[in-house]
Amino acid sequence: MKIGAKGNHSYYVIKGVGTIHNIEVFHGVTLGYYELKVDHWQGEEMTPEGKNVIEINHCYKGRFECEFSNNSFYYLGEDNIAVSRVSDKKTQSGFPLGMYSGINLLIDLDQCEAEFFGVLSQFQVNIRCLVEKWRQLLPCKIFEESDQTNHIFNELYQMEETASIGYLKCKVIELMLLFDGYEFGRSTIHQHFGKGQVEKAKHIRCHLEEELDRELTLAELAREHEISESTIKRCFEAIYGKTPNQYRKEFRMQAAAKQLIETEDTVAEIGMQVGYLNSSKFSTAFRSVMKLSPSEYRNEKKTQ
């Protein structure tokens, strides 16, 4: 739902989803700030109508799942950049960690030629070469940000509410200058998987959140889901940003933290409930995740 507009700015608050702040920087070029707290979103109302729209996404926090028309899934992690075309994507986006914060830059190649490309040509940007680079990356390529792109995106995040349109124009031009000379292939990240692999990884996540008091090995999960251990690990880490073992350990510690607050069970008893027969090993694992020992965590929460 659009709740406000001022000049080149449009503000949206979508119930149960989050907020979006769009800014028309040039004709045909829109900069969007996304702050979402949801695991998926059918964003049809926010999808541009043009079939020739290049989309550049930068992830600040969380993870971004995009499904494309060829049934492949791509995953954008923190400090990663993705280049894709809007018309190649399905309208539903996923956010595996239940939240997402990032920047979205939409470039409508049919509308931006007169103004935006005209400005870029004054900075000696090879427009045809740049557009061809983008097209070679389709349907989607994800790559690690460089120090230079990190600097630009950080400035854009910091100046969201106070930056003038002139300032934003400069930042977008800076970004295009970097992309003009950027060798995308050098830092490309393999973050795409087939639908079947993704479904299995998400099902495995459910297993990792169950029966916390028993050991569960990657080999066991691989056999059950008829998939190799290496594929499970790569796919799961792409979706959730951590390996299955890391995910289960953190989930166990979060479950233990809840028990420490809500029950009077001893540290040893809670450790056994989440699969640690040795209370010393449980305390070490808990501290590695929660940054406090179980006793310190319990005492701190009780005094709040």
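Me: What do buried, exposed and partly exposed mean here?
Reply: Buried is under 20% relative accessible area, exposed is over 50%, and partly exposed is in between (1.4 Å probe, protein chains only). This is a predicted model, where local features need pLDDT of at least 70 and side-chain atom pairs count only at pLDDT 80 or more, while totals for chains, interfaces and linings use all residues. Residues are numbered from 1 along each chain as its sequence is written, and side-chain values use heavy atoms, with hydrogens and water left out.

Me: OK, so where does aspartate 79 fall, and which loop is it in?
Reply: Aspartate 79 is partly exposed at 37% relative accessibility. Its loop runs between strands E8 (72-76) and E9 (80-85); helices (H or I, at least four residues) and strands (E, at least two) are DSSP runs, numbered from the N terminus.

Me: Switching to rings. How many aromatic pairs are there?
Reply: The count is 16. Rings of Phe, Tyr and Trp (its six-membered ring) pair if their centres lie within 6.5 Å; planes under 30 degrees apart are stacked, over 60 edge-to-face, and the rest tilted. One of these pairs is tyrosine 60 with tyrosine 157, tilted, at 4.8 Å centre to centre and 35° between the planes.

Me: What does that pair tie together?
Reply: Tyrosine 60 is in strand E6 (residues 53-62) and tyrosine 157 in helix H3 (residues 147-158), so the pair ties together parts 97 residues apart in sequence. Tyrosine 157 is buried at 16%, whereas tyrosine 60 is partly exposed at 36%.

Me: What about phenylalanine 64 and tyrosine 100, how are those rings set?
Reply: That pair is tilted, because the planes are at 45°, with centres 5.1 Å apart. It links strand E7 (residues 64-68) to strand E11 (residues 100-108), with the two residues 36 apart. Phenylalanine 64 is buried at 6%, and so is tyrosine 100 at 3%.

Me: Which residues form an aromatic cluster?
Reply: Phe236, Tyr240, Tyr247 and Phe251 form one.

Me: Which lysine lies over the face of a ring?
Reply: Lysine 169, over phenylalanine 26, at 4.0 Å from the ring centre. The rule wants NZ of Lys or CZ of Arg within 6 Å of the ring centre and within 35 degrees of the ring normal.

Me: Last topic, helix H11. Which of its residues are buried?
Reply: In H11 (residues 294-302) they are Pro294, Tyr297 and Arg298. They cover an arc of only 95° around the axis, so they lie on the same side of H11; the arc is that of the directions from the helix axis to the C-beta atoms.

Me: What do they pack against?
Reply: Helices H8 (244-262), H9 (267-273) and H10 (279-290), where contact means heavy atoms within 4.5 Å.
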